[in-house]
Structure formats: structure tokens, C-alpha cells
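Hello,

Here is the structure I promised to pass on. Please have a look, and then read my notes below.

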Amino acid sequence: MSPELVGIIAILILIGTLLLRVWIGLAMALVGFFGFWYLMDFEAASELLVVVPYRVLSDHNLSVIPLFILMGVLVSKTGISKDLYKAANAWIGSVKGGLAMATCVACAAFAAICGTSLAGTVTMAQIAVPEMRKFQYKESLASASVVAGGTLGILIPPSLGFIMYAILTEESVGMLFMAGFLPGILMMILFMIAIFFLTLIDPNIAPPGPKTDMAQKLTSLKNTWTMMALFVLVMGGIYGGIFTPTEAGAVGAFGAMVICALKGKLNLKTLLDSLTDTVKTTGMIVTIVLGAFIFMRFLTITHLPFAMAETINSVSLPRYAILAIIILIYILLGMILDIIAAITLTVPIVHPTIVALGFDPVWYGVVMVIVMEMGMITPPIGINVFVLSGITNTPVSDVFRGVWPFVAAMLACIIILTIFPQIALFLPSLM
């Protein structure tokens with residue numbers, strides 16, 4: 001068999017193992033090892049299991065992962081999320097659909113100091129869903145606004161989605177963070193527009209909340225200063241070139257610890273729980289990264305990524321048509337596989353193709369994270385949906401029924417970014 005055919009068979013075997021619910025990191029490592037053994041020899045494959053983990057784990061850039069995770073875990077214990085929701089609710093909660101819009105705004109603000117999607121979903125599910133139920137919001141909209149808003153945690157920096165993409169493609173984490181900021185704001189606005197149109201179609205789906213005067217609106221902002229301070233500290237330092245993203249993770253974690261102490265929430269139990277959660281999440285992500293790099297080494301010797309890039313370049317289709325096909329494939333993959341697994345699996349193959357087509361890899365990273373967001377809320381494996389259902393006892397079918405307007409908003413965001421890539425590339429160009 002040719003090396004390219006071996007690579008294709010290996011990918012099919014890997015997809016099969018993922019469908020059988022084998023851990024993605026372990027699956028990629030095993031397929032990469034046996035594929036390398038088949039094409040080279042056992043000694044070379046054994047060396048792979050030694051060299052790759054050493055090189056990956058000795059890279060200090062990897063330390064950004066536990067640092068930003070720790071920052072997010074500490075922040076989630078301070079009650080900042082509740083303050084953010086109260087502030088957003090005070091300003092826009094009195095209009096039809098206002099509580100759902102306020103949820104999206106609060107999720108976006110929380111995303112600015114927490115790099116994961118699940119943290120935003122878990123936190124807002126406990127705060128926003130009971131409030132919307134109190135005002136007779138339709139269950140599908142109340143829950144869908146939370147799961148969709150929660151996905152902003154991997155688009156608005158700091159973002160673990162961008163960190164994963166940067167590690168796999170060797171792009172700049174700082175550039176990707178800056179590239180995600182304006183698209184994240186755009187996505188939040190598109191979510192709010194989707195809610196607005198839903199209330200026009202059915203006014204009873206989201207009755208208005210209580211009205212507030214200007215004094216109440218201004219008072220609601222007083223408890224949001226900690227979020228603003230932490231965001232300015234982390235992102236301002238990166239944007240201004242004061243410190244690297246890795247150093248920013250350390251500064252952010254320390255800042256979150258200080259905020260936790262100022263709010264009287266820092267004690268030995270909180271610290272130990274935060275460190276335990278950080279270790280668990282970091283272990284999961286590092287296992288995926290190790291498996292991905294072993295599998296990438298195997299794919300390199302099959303020459304499959306380069307053959308695919310050459311094949312796609314030889315197809316007489318406009319590059320935007322090829323991009324649309326790639327995005328459609330990712331959307332379909334997100335419906336049958338864990339989307340992070342799908343992207344981790346395919347980025348080593350698709351990234352060279354995207355570069356060969358002349359697309360900016362930083363811009364494409366933003367598009368990939370938006371596609372990742374879709375996979376987190378679309379059936380049948382949307383992880384955010386199952387998390388929210390477990391917390392709020394909302395039927396999974398109700399949540400999935402409500403997510404489609406938000407999926408449409410995500411698609412609209414990709415289209416807008418494709419027409420106007422400067423939205424994503426403007427801030428990185430100023431660094």
C-alpha cells in the first residue's frame with residue numbers, strides 16, 4: 001500500500017475508535033504508533049512515544065493551559081458571573097427577550113475572564129434559567145440562550161479553543177487572542193438580533209422583565225469592576241507587548257486569586273478545589289495534545305496532508321467554494337463526533353490546505369473556533385446542551401429545539417467574517 005492510502009485507512013480507523021467512545025488522546029496515540037510501526041519499524045515507533053511527549057511537555061508555552069484554566073476556575077467561585085448578569089439585566093432586561101439578551105451579554109463578559117465554554121454554561125445555567133422561568137420565558141429559548149451564550153467562552157479571549165489551535169498549528173497565541181475579540185462581540189450582537197426576531201415572530205416566547213431607572217442601571221455596574229480590571233490586566237498586557245500570553249496566564253491566575261481574596265471567597269478548601277479542577281482539565285487537554293502530535297508525526301510520513309493540499313489546489317473550484325465545503329464537513333463531523341476531537345483530528349490535514357489556498361491562518365483559526373462553538377450545541381452530541389439539561393432538568397429535546405436560531409447566527413458570523421476578514425485581523429495587525 002502507498003503511504004497516502006495507509007494514512008486514509010488510519011483516519012477511518014481513528015474515526016471508528018472515536019465512535020466507540022475511546023478517549024481521543026489515547027486513540028490518536030495508538031493509531032499514530034501502529035501506523036508509524038507499519039510504515040517504518042518498531043524501534044522508530046517506540047522512539048516516537050519517547051521523543052514526542054518529551055518535546056511537547058518541555059515546551060513552556062504549554063503552561064498557558066493550566067494557568068488560564070486556574071484563572072477561570074477561581075473567577076467562577078467569586079460570584080462575578082452573578083454580578084455581570086444583574087448588570088446586563090438592569091440595562092436591557094425590561095425589553096421583550098431582554099433576559100435572554102442579558103444572558104448573552106453576561107456570557108460574553110464572563111468569557112473575557114474565563115477561557116472555557118462549559119464554565120460559562122454551568123455558571124449561567126444556575127443564574128439565568130431560573131430567572132427566565134420566573135418571567136414565563138419559553139423553556140427552549142431560556143435554555144438555548146444559555147448554551148449558545150456559553151460558547152462565547154472559547155471565542156472571546158482568553159480562549160482554550162485558540163490555545164489548542166495555536167499548539168497544533170504553531171500560530172501565535174497572542175495574535176489569535178486579539179483576532180477573537182471583535183468577532184466575539186459580533187457574535188454576541190448576532191445572538192441578540194436572533195432573540196429579537198424570535199420575539200417578533202412570537203411575542204409570548206419572552207415577556208419583558210422588570211423595568212429599572214437610570215440610578216439602578218448605574219448602581220448595577222459597581223460590582224463589575226473586578227471583571228474589567230482582570231480583562232484589562234490580561235489582554236492589555238498581551239496587546240501592549242508587556243508580557244507574553246504564557247506570562248499573561250500567570251498574571252491572570254494571580255489576579256483572579258487576589259480578586260477571590262478581596263471578595264472573601266479565598267480559603268484553603270476553595271484553593272484546593274480550584275487546583276484539583278485545574279489538574280483534571282489540564283490532564284485531559286494535555287493528553288489530547290500528546291495524542292495529536294503523535295498522530296501528526298505519523299501523518300507527516302504518509303505525505304497525506306500535502307497530497308490533499310495538492311489535490312484541492314488542482315480542483316477547478318473557487319477557493320471560497322472549497323472553504324464552504326470544509327466548513328460543511330466540520331458541521332457534519334460535529335454532529336457525529338465530539339467537535340474538539342474532530343478539529344484536533346483534522347487540523348493537521350486541513351491547515352496546510354488553507355494556507356495553500358491563500359487564507360490567513362489566524363483568520364481561519366477564528367472560523368474554526370466558531371465551528372467548534374456550533375458543535376457544542378448541535379445534536380446529537382452537543383456537550384453544552386447535556387450539561388445544561390443536567391443542571392436545570394430541562395429536556396434535551398427542548399434545548400436542541402431552541403438552538404437553531406443561534407446556529408444560524410453563527411453561520412451568519414462566518415459569512416460576515418469571510419466578506420470582511422478585517423474584523424478578525426484588525427487588532428492583530430496593530431500588535
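Predicted model: local features only at pLDDT ≥ 70, side-chain atom pairs only at ≥ 80, totals over all residues.

Residues are numbered from 1 along each chain as its sequence is written, and side-chain values use heavy atoms, with hydrogens and water left out.

Salt bridges first. The structure holds four, where a salt bridge is a side-chain nitrogen of Lys or Arg within 4 Å of a carboxyl oxygen of Asp or Glu. One of them joins Arg 133 to Glu 139, with the closest N and O atoms 2.7 Å apart. Arg 133 is partly exposed at 32% relative accessibility, and Glu 139 is partly exposed at 22% (buried means under 20% relative accessible area, exposed over 50%, partly exposed in between, with a 1.4 Å probe and protein chains only). Another links Arg 401 and Asp 398, also with N and O 2.7 Å apart. Both lie in helix H20 (residues 396-402), three residues apart (helices are DSSP runs of H or I, at least four residues, numbered from the N terminus). Arg 401 is exposed at 54%, whereas Asp 398 is buried at 18%.

Then there is Cys 260, in helix H13 (residues 245-262). Cys 260 is buried at 0% relative accessibility. Leaving out residues up to four places away in sequence, Cys 260 touches Leu 74, Thr 78, Lys 265, Leu 266 and Thr 270 (contact means heavy atoms within 4.5 Å).

Finally, the helix pair: Met 175 and Phe 181 are among the H10 residues that meet H22, where Ile 423 and Phe 426 are among the partners.

Best wishes

How values were computed
Helix = DSSP H or I, 4+ residues; strand = E, 2+ residues; numbered from the N terminus.
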